[in-house]
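The stops below can be selected one after another.

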Amino acid sequence: MAFADRRDAGRRLAPLLLAETGTATIVLGLPRGGVLVAAEVAAALQAPLDVLVAAKLRTPERPELALGAVAEDGGLLLDAPLIRRLGVPVEAVGDAERTAREEVARRVARYRPARPRLDLAGRTTIVIDDGIATGSTALVACRAARSAGAARVVIAVPVAPPGWSRAFAAAADEAVAALIPAGLRAVGDAYEDFRQTTDEEVLAALAGPEARRAPA
């Protein structure tokens, strides 16, 4: 195992991002697990921490496999080649999209009851997840950050498969991974503890001492 848990992964990812330190940098974690990684990076960079909410469209009967993803700005990304290869009916894709959008709405309401989203306009934005599998969620999140006005978008993860950065060439200015193992089967294989992150853990990370807010 490469990482003890997501916090450990964040501490080991942070040194690779020190060049991004600056008053214009904001760290965005993808809920749920990516927020715990992002909290450690934000603390190391002394940067504000926030969430960027996205959810994947889960494949019927194979929920771990993403048909695409949606972001809180309404952006939709579909993996058309995968949908065709699996023969997923249009109706099933529509159902998956509706479920994903409902999950995004739930998470926005849960994580931001009285917490306005940080303004990304003109800033360097580091989008962090706990790892890349298909990459759909991270990719739609990077597009959302760019649409929100981020001047520079960096996608950073503890673990990703070989060649992963090519999918982000148009959506991010830089792609950073701490570990790129050959034959990566699942993100969880890189962790000793990869239990599911809870909403309460996300809220604690966002409220923790490392959760600095952007200066006015």
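The tour goes from the whole chain to a sheet and then to charged side chains.

Before selecting anything, note that this is a predicted model, in which local features need pLDDT of at least 70 and side-chain atom pairs count only at pLDDT 80 or more, while totals for chains, interfaces and linings use all residues. Residues are numbered from 1 along each chain as its sequence is written, and side-chain values use heavy atoms, with hydrogens and water left out.

**The whole protein**

Select everything and colour by secondary structure: the protein contains six helices and eight strands, where helices (H or I, at least four residues) and strands (E, at least two) are DSSP runs numbered from the N terminus. Followed along the sequence, they give the pattern α-β-α-β-β-β-β-α-α-β-α-β-β-α. The C-alpha trace spans about 50 × 40 × 35 Å along its principal axes.

**The five-stranded sheet**

Next, select the open sheet of five strands, whose order is β2-β1-β6-β7-β8 with parallel pairing; two strands pair if DSSP finds at least two bridges between them. Its edge strands are β2 (49-51) and β8 (174-179), each pairing on one side only. On average, and ignoring direction, neighbouring strands of this sheet are turned by 25° against each other, with axes being lines fitted to C-alpha atoms, for helices over the stretch in contact, and angles running from 0 to 180 degrees between N-to-C directions.

Zoom in on β7 (residues 152-159) and β8, which run parallel and are joined by five bridges. Here V154 stands opposite E174 in β8. Show the side chains of R152 and E174 as well, because they meet in a salt bridge at 2.6 Å, N to O, defined as a side-chain nitrogen of Lys or Arg within 4 Å of a carboxyl oxygen of Asp or Glu. As R152 lies in β7 and E174 in β8, the pair ties together parts that are 22 residues apart in sequence. R152 is partly exposed at 26% relative accessible area, and E174 is likewise partly exposed at 31%.

**The charged network**

Which residues are linked with D199 in a network of salt bridges? Select R32, E103, R106, R107, R110 and E200 together with D199 to see the network. R32 forms a salt bridge with D199, the closest N and O atoms being 3.0 Å apart. R32 lies in the loop between β1 (25-29) and α2 (33-45), and D199 in helix α6 (residues 199-207), so this pair ties together parts that are 167 residues apart in sequence. D199 counts as buried, with 10% relative accessibility.

R106 also forms a salt bridge with D199, with 2.8 Å between the closest N and O atoms. Since R106 lies in helix α4 (residues 90-111) and D199 in α6, the pair ties together parts that are 93 residues apart in sequence. R106 is partly exposed, at 30% relative accessible area.

Note on methods. Buried < 20%, exposed > 50% of the residue type's maximum accessible area, 1.4 Å probe, protein only.
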